[in-house]
Amino acid sequence: MHDFTPPAGERRGLAAVLAHAARLARRRARRLVWIDGDAAIGRRRARAVWQARDWRAPLWVGETADDEAGAPPALPASKARTRLGQEHGLIVVDAAAGLDPDALGALGGTLTAGGLLLLITPAGWGSAPDADYRRIADYPCAWAELSAHYLARLAHLLAHDGGAIRWSAEAAAPELPRFSASPEPAAPPEDSACLTADQARAVARLTRLKRRRPLVITADRGRGKSAALGIACARLLARGVARITVTAPRPGAAAALFAHAEAEAGVSAEASRRRVEINGGVLEFIAPDALSAAVEAGTLGGDGSYLMVDEAAAIPPALLGLWLAAFPRVAFATTVHGYEGSGRGFALRFRARLDEQTPGWQGLALETPVRFAEGDPLESTLNRLLLLKAASPAPAYGGDDAVRWLERRALARHEPALEALFGLLVQSHYRTTPDDVRQLLDGPGTRIGVLGAARAPEGVAVMRAEGGFDAALAERVARGERRPQGHLLAQSLAAHAGSREALTARWQRVTRIAVHPERRRQGSGQALLAAAEQAARQSGADLLGATFGAEAGLLDFWLAAGFSPVRVGVTRDTATGEYPLMVARALTPRGEAVLDELARRLGASLAGLLAFELSGLPADVLVRLLASLPPATLGDAQRQDIDDVANAQRDPRLARPALKALARAAACRPLDDATQGVCADLAGWAYQNRRLADSHKRHVSAIRRAAAVLAELDAELEKGEP
């Protein structure tokens, strides 16, 4: 980059910013510098800061001015996550053309103590949407016509943020915040390899992992959890552990772990930083999909094996459960408040599995920051802007239990209500990111319903309009020739189920529904769905639908509300590890016709899919899907086949069609928990060739017992017995 000299007035402002940064370094703090106004002036000032000091790994994100000589190379915001695990002394986020909220959240955690995050925004920022709104502009909406409540909120918060530096283009000198009193430095931990007492406790616990007592470490970003994992791994290998497997959503997410393991052991890793040898033992990174395949093949796991999982909140819980069963000593570490998934949602969803599989599991929270001092101004600013620590207060009892549909402009200006609403969504859903706030406030066709008080809601439902395409466009979508933005459910039913009518019909899709933990199983979810249905009818929609991970409890909730399954995706969702399931409820005669067609298509394709693409679908979900199909009737020949299997020695494989019909007929009847489990066993084998026992003899015996139980039930019902 070529050197240049800023105007005289700006030189004084530059000197003030640099002097402030020097004081930040002495206090191990960081700040956001908001450069708002004319974009050319903003970029010029950012370049001056960039060149004024030998910053550690400075990073420019966004656009650069091509007409300015020596402009720094820019990283597209879409690639911000490639810098996770790295450290930067200066970050410039050029949002003059558009702000990516997720990128801002991701990069903030990579800034080191004494660093500055420069945010460049254009004149009038917040008065209109920016070009990044293209990502939420569903067809046929133009991004420039959307509302900009989200950006207006950010501009308002920054203008009143006492922890940020504002350097307006109209002002030569920046507005520098006052420094608060420095906190008393904490006593150094006894473990010299650690920077905080928190981190030392984590290392001690990790090096003493017990069989079937997994450790779950939660922390905000910058608390040193990855470093603790790395230090502990090096010490375990030094003590003679033969192998430790490491996994994370991406190899880069484990880079800090390997770096600290190398430093602790005084060795070098392979160039890829995926393998380290210490004292004859091996520390190796294996990607989640490869790890799961190795576990299922029996080549990893078993007695004496160790597993360290970093950023566990971004890994499907089904995989975590698989690993939990395979590795006797395992630690899960995750970020509590993150840009790519909520550790709180992870904790809520995974705790039940931990309680069931390993009731002796232990938790440890890291509170003290490592990369910067406590009370860091930048962390506070980003938490406030991006709602990274949004809380969900206890619901107010005795208030109004009606569902109210919020006006989004007002919600954007009511920070306590927005924080409470988003906190509830974060707490209830596995993956919620900063960009979701923008979708809530400005996404086209989005409606937000709140049950109870806005500041302390019992529940929230979010809906989006879909469908309504003309016949010509629907035809092209169904043929795979077009894929307009948005309309997830309607487009999927057209493109994958072949239903043109599903895309020409008008839909309302429930994108999120969340109920406060204190009010679950009390009818709040059904009340929200009833209000959503009423609102959808009033909007003129033909159908109300939803899509979610195929899990038995969730499916029961939607079936109880009168929804019918219409499609099962054949590829597992990367966020949940579950097959996506779509359900719908008709609201008009046209909707009834579409729903009938979709149900017919699902019934015709389900058996074939279960034998191949859906062979991994959980059996308890399979039973519920079978129950949604038209009831099966058993003929005399089929009953004879079933009796030959249940009460004689006929090979079950030779009577599979009859056993399929038996499982389907049983699934359509009211079953107690025990009988439903038997039905799930028989259906899992009949439709998916799922083994019911390790040995062939026990496997066949289990099929015969299941057939006998369900055949007896069928006989009782045929006789009219209860």
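Me: In which sense do S16 and strand S17 pair, parallel or antiparallel?
Reply: In this predicted model, strand S17 covers residues 543-549. S16 and S17 are joined over three bridges, and the sense of the pairing is parallel.

Me: Over how many bridges do strand S15 and S16 pair?
Reply: Strand S15 spans residues 456-467, and Val 462 stands opposite Arg 512 in S16. The pairing of S15 with S16 is antiparallel, and the number of bridges is nine.

Me: How many of the 10 residues of strand S16 are buried?
Reply: Strand S16 runs over residues 506-515. Buried here means under 20% relative accessible area. By that cut-off S16 is mostly covered, the number of buried residues being eight.

Me: With which side chain does the side chain of Glu 415 make a polar contact?
Reply: Glu 415 belongs to helix H13, residues 415-428. Beyond its neighbours within four places in sequence, Glu 415 is in contact with Leu 157, Arg 384 and Leu 387, among others. The polar contact, at 2.7 Å, joins the side chain of Glu 415 to that of Arg 153.

Me: Which helix gives the largest share of the lining of the largest cavity?
Reply: The model has three cavities of 30 Å³ or more, and the largest holds about 180 Å³ of space. Its lining has 15 residues, and those closest to the centre are Gly 109, Arg 221, Glu 379, Asn 383 and Leu 388. Helix H3 (101-108) and helix H11 (377-386) each supply at least two lining residues. The largest share, three residues, comes from H11.

Me: How many nonpolar residues are in the lining of the largest cavity?
Reply: Sorted by class, this lining contains six polar and six charged residues. The nonpolar residues number three.

Me: Which helix gives the most to the lining of the second largest pocket?
Reply: The second largest pocket contains about 1,200 Å³ of space. Its lining comprises 36 residues, with Ala 318, Leu 319, Arg 572, Gly 577 and Glu 578 nearest the centre. Helices that each supply at least two lining residues include H8 (288-297), H10 (343-357) and H19 (552-560). The most, five residues, comes from H9.

Conventions: Residues are numbered from 1 along each chain as its sequence is written. This is a predicted model: local features need pLDDT of at least 70, side-chain atom pairs count only at pLDDT 80 or more; totals for chains, interfaces and linings use all residues. Side-chain values use heavy atoms; hydrogens and water are left out. On a 1 Å grid over the protein atoms alone, a cavity is a set of points where a 1.4 Å probe fits but cannot get out, and a pocket is an open set with protein on both sides within 12 Å along at least five of seven lines; lining residues have an atom within 4 Å of a point. Grid points are joined across faces, edges and corners, and a volume is the space filled by probe spheres set on the points. Helices (H or I, at least four residues) and strands (E, at least two) are DSSP runs, numbered from the N terminus. Ala, Val, Leu, Ile, Met, Phe, Trp, Tyr, Cys and Pro count as nonpolar, Asp, Glu, Lys and Arg as charged, and the others, Gly among them, as polar. A polar contact is a pair of N or O atoms within 3.5 Å; within protein, one must be able to donate a hydrogen and the other to accept it, and residues adjacent in sequence count only if both atoms are side-chain atoms. Contact means heavy atoms within 4.5 Å. Buried means under 20% relative accessible area, exposed over 50%, partly exposed in between (1.4 Å probe, protein chains only). Two strands pair if DSSP finds at least two bridges between them.
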